[in-house]
Amino acid sequence: MSIGLKSKGEVSLMLEAGRILILAMEEMRKAIAPGITTYEIDKIGERTMKDLGGVPACKGYGGFPAAVCVSVNDEVVHGIPSKYRELKDGDIVSLDTVTAYQGYHADAARTYAVGKISAEKEKLIRVTKESFFEGLKQCVPGNRIGDISRAVFNHIVKNGFSANRYYTGHGIGEEMHEAPNVPNFPRFFKGPKLKPGMVICIEPMVNMGDHEVELLDDDWTAVTADGSPAAHYENTVLITKDKPVILTKAQGIDI
């Protein structure tokens with residue numbers, strides 16, 4: 001599959017999609033507390049995206065029933081929100097969602113603490129975020145996708161954690177998932193070269209224990225096989241002739 005390069009006009013639409021997404025993410029973050037349900041978090045995200053003129057693109061994608069993937073503790077990715085799942089003090093919760101704006105997409109994920117969490121979980125969240133920024137350093141023309149993967153992977157393993165090997169980052173644009181895949185671990189091939197105009201999603205998914213995952217009976221929720229906690233961090237990134245640009249950002253909100 002060929003890798004499309006985005007025009008300035010396309011990038012501007014994706015930047016607006018990213019702004020809406022991060023504002024929705026911030027509203028969900030502010031609501032996270034012991035006692036809230038994952039369903040309520042999802043509804044906050046969906047409502048905020050719509051109110052700001054965006055489309056919650058995850059809802060209905062491949063049959064997914066919600067606007068936001070809400071994954072708790074050992075749930076690595078694609079957790080389905082539920083009216084019956086209340087967050088508890090000490091949990092960690094990962095939010096992963098996609099916003100479309102005038103036909104173009106932006107994708108981001110964050111992991112947050114619920115109340116007071118252990119030092120080990122704090123480190124897991126921190127290292128997951130750091131590994132994204134290690135990969136971001138490699139996002140310059142002439143480097144390859146494999147350079148990103150290696151940087152992400154090396155930071156994860158040197159901190160004693162495991163990189164997810166079953167789910168990857170990806171290209172994005174008019175479709176939620178486009179070429180190329182962006183793995184969180186190095187493979188035998190280096191992957192395509194990075195070129196100005198490419199837009200990719202780098203999304204480390206990190207397990208505290210072993211890298212193995214299992215799929216629950218809902219055919220969506222991936223959990224760690226050993227029951228250990230997992231964290232997720234993602235942004236949509238534009239490759240330019242100079243420094244990479246994060247498109248999932250909003251004024252006044254830390255990325």
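Visitor: Is Asp147 buried, partly exposed or exposed, and what is its relative accessible area?
Guide: In this predicted model, Asp147 is partly exposed, with a relative accessible area of 26%.

Visitor: And which residue does Asp147 form a salt bridge with?
Guide: Asp147 forms a salt bridge with Arg150, and the closest N and O atoms of the two are 3.7 Å apart. Arg150 is likewise partly exposed, at a relative accessible area of 34%.

Visitor: Where do Asp147 and Arg150 sit along the helix?
Guide: They are 3 residues apart in helix α4, so about one helical turn separates Asp147 from Arg150. In general, side chains of opposite charge can pair when their charged atoms come close.

Visitor: How many residues does α4 have, and what does it reach from end to end?
Guide: Helix α4 covers residues 145-158, which makes 14 residues, and it reaches 20 Å from its first C-alpha to its last, close to the 20 Å expected at 1.5 Å a residue. After α4 comes Gly160, whose phi is positive, near 90°.

Visitor: Which residues of α4 are buried?
Guide: The buried residues of α4 are Ile145, Gly146, Ile148, Ser149, Ala151, Val152, Phe153, His155 and Ile156.

Visitor: What covers those?
Guide: The cover over the buried residues of α4 includes the helix α3 (119-136), together with the strands β6 (162-163), β8 (178-182), β9 (199-202) and β10 (205-207).

Visitor: Back to salt bridges, how many are there?
Guide: The count comes to 12 salt bridges. One of them joins Arg19 and Glu16, with the closest N and O atoms 2.9 Å apart, and these two residues are 3 residues apart in helix α1 (residues 8-31), so they too are separated by about one helical turn. Another brings together the side chains of Asp242 and Lys241, at 3.2 Å from N to O; Asp242 is partly exposed at 49% relative accessibility, whereas Lys241 is exposed at 67%.

Visitor: Which residues are linked in a network?
Guide: Lys43, Glu46, Lys50 and Lys59 are linked in a network of salt bridges.

Visitor: New topic: how many disulfides are there?
Guide: The count is 0 disulfides. Cys69 is in none, and its nearest cysteine sulfur, that of Cys58, is 4.9 Å away, while a disulfide needs the two sulfur atoms within 2.5 Å. Cys69 is also buried, with a relative accessible area of 6%.

Methods. Residues numbered from 1 in each chain as written. Predicted model: local features only at pLDDT ≥ 70, side-chain atom pairs only at ≥ 80, totals over all residues. Heavy atoms only, no water. Helix = DSSP H or I, 4+ residues; strand = E, 2+ residues; numbered from the N terminus. Expected span 1.5 Å × (residues − 1). Buried < 20%, exposed > 50% of the residue type's maximum accessible area, 1.4 Å probe, protein only. Contact = heavy atoms within 4.5 Å. Salt bridge = Lys/Arg side-chain N within 4 Å of Asp/Glu carboxyl O.
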